[in-house]
Amino acid sequence: MKILFLTSALVALLHVTPSLASEDVPDMYPGSVLYSKPYEVIPGVWTAIGATAPPTYENAGHNNNLSFIVTGDGVVVVNSGASYQLSKALHDEIKAVTDQPVKLVINENGQGHAMLGNNYWIAQGIPVLAHADAAEEFKHDMAGAWDALKRYGQETAEGTDPMLPTETFEDEKVITMGDFEIHVMHLGPAHSPGDTQVWLPKQSFMIAGDIAFSERMPPIFSGTCTSCWIETFETKFIPLNPTFIIPGHGHPTNLEKVTRGTTGYLHYLRDKIGEHIDNGGDLAGAYYVDQSPYKNLDTFEELATKNAGVVYEEMEFE
């Protein structure tokens, strides 16, 4: 059975080309508010890959991955998406795949593109689960996220009514449903408060959320502890040794690639900023440290200098 899983996933990955991963593609699924049509990565696990770009009118805010697991006894959705309309569009795609009802929605973090669609699912009577810290983050930031959606999304924002998740967890919640044992986990501090991973141990498959990046440059927020992120990734995420991974952004890939794109980048940037500080450099100069080895990552132009400034402020008094 494991061979079947790996073969199916490998075939799917071989059909992904670099051009389809580009942030320059405005929309891959005309006629749907979704940026791309969901596809089956391994038996029972589907994902709709979002744009590896900032949220825009063209991608309707679908710039993260919206996934779902068809368990045999119901469907588990990972991420509500950035709007009511994205959630409804994803639900329509689920109904085209299976008659099994959606029984649970999991928010992978407290950002708008994970939670702004919660009200669609809540209106269906479906519980929405998130880490307690992610729920608190969204409570604090939801008004700003809602305003941003209205600005870039325009008519695609219609129907959205920001709502908190209906349930929270702390460290781990294990769900047995149909053929799947689903571990909803918070491995530790990483990209943003309450980052959540969905681990399928029998399939050796991880829906990683924003602890893991590959095609897109990781955004580093003010308040993100990059040393903590590295520690969580290296001591908690890597030891699970997932065979395949759906990162928060970009196509399904493997552990080697997300390690290179995540802690490889974080170590590199911290080393560069550390050298800059040791040489007496200030914040203004930190923005210009060399990040050229990562210039081919999507959102490099939008994020590289911002990331450098945030890491300088983090490391200045370490």
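1. Lys-103 and Asp-73 form a salt bridge through their side chains, at 3.4 Å from N to O. The model is predicted. This pair links distant parts of the chain: Lys-103 sits in strand β5, Asp-73 in the loop between β3 and β4, 30 residues apart. Lys-103 is partly exposed, at 36% relative accessibility. Asp-73 is also partly exposed, at 42%.

2. How many salt bridges does the structure hold? The count is seven. Arg-270, Glu-314 and Glu-318 are linked in a network of them.

3. Helix α5 holds Lys-150 and Asp-147, three residues apart. Their closest N and O atoms are 3.5 Å apart, in a salt bridge. Lys-150 is partly exposed at 39%, and Asp-147 at 36%.

4. The sheet is open, with seven strands in the order β1-β2-β3-β4-β5-β6-β7 and mixed pairing. β1 (39-42) and β7 (167-169) are the edges; each has a single partner strand, so one side of each lacks a neighbour in the sheet. From one strand to the next, the twist averages 25°.

5. β2 (residues 45-48) and β3 (residues 66-70) run antiparallel, joined by four bridges. Thr-47 has Ser-67 in β3 as its bridge partner. Helix α2 (residues 84-97) packs on the sheet and touches β2, β3, β4 and β5, its direction at about 30° to that of β3. Helix α5 (residues 132-153) touches β6 and β7, at about 95° to β6.

Notes: Residues numbered from 1 in each chain as written. Predicted model: local features only at pLDDT ≥ 70, side-chain atom pairs only at ≥ 80, totals over all residues. Heavy atoms only, no water. Pairing = 2+ DSSP bridges. Helix = DSSP H or I, 4+ residues; strand = E, 2+ residues; numbered from the N terminus. Axes fitted to C-alpha atoms, helices over the stretch in contact; angles between N-to-C directions. Contact = heavy atoms within 4.5 Å. Salt bridge = Lys/Arg side-chain N within 4 Å of Asp/Glu carboxyl O. Buried < 20%, exposed > 50% of the residue type's maximum accessible area, 1.4 Å probe, protein only.
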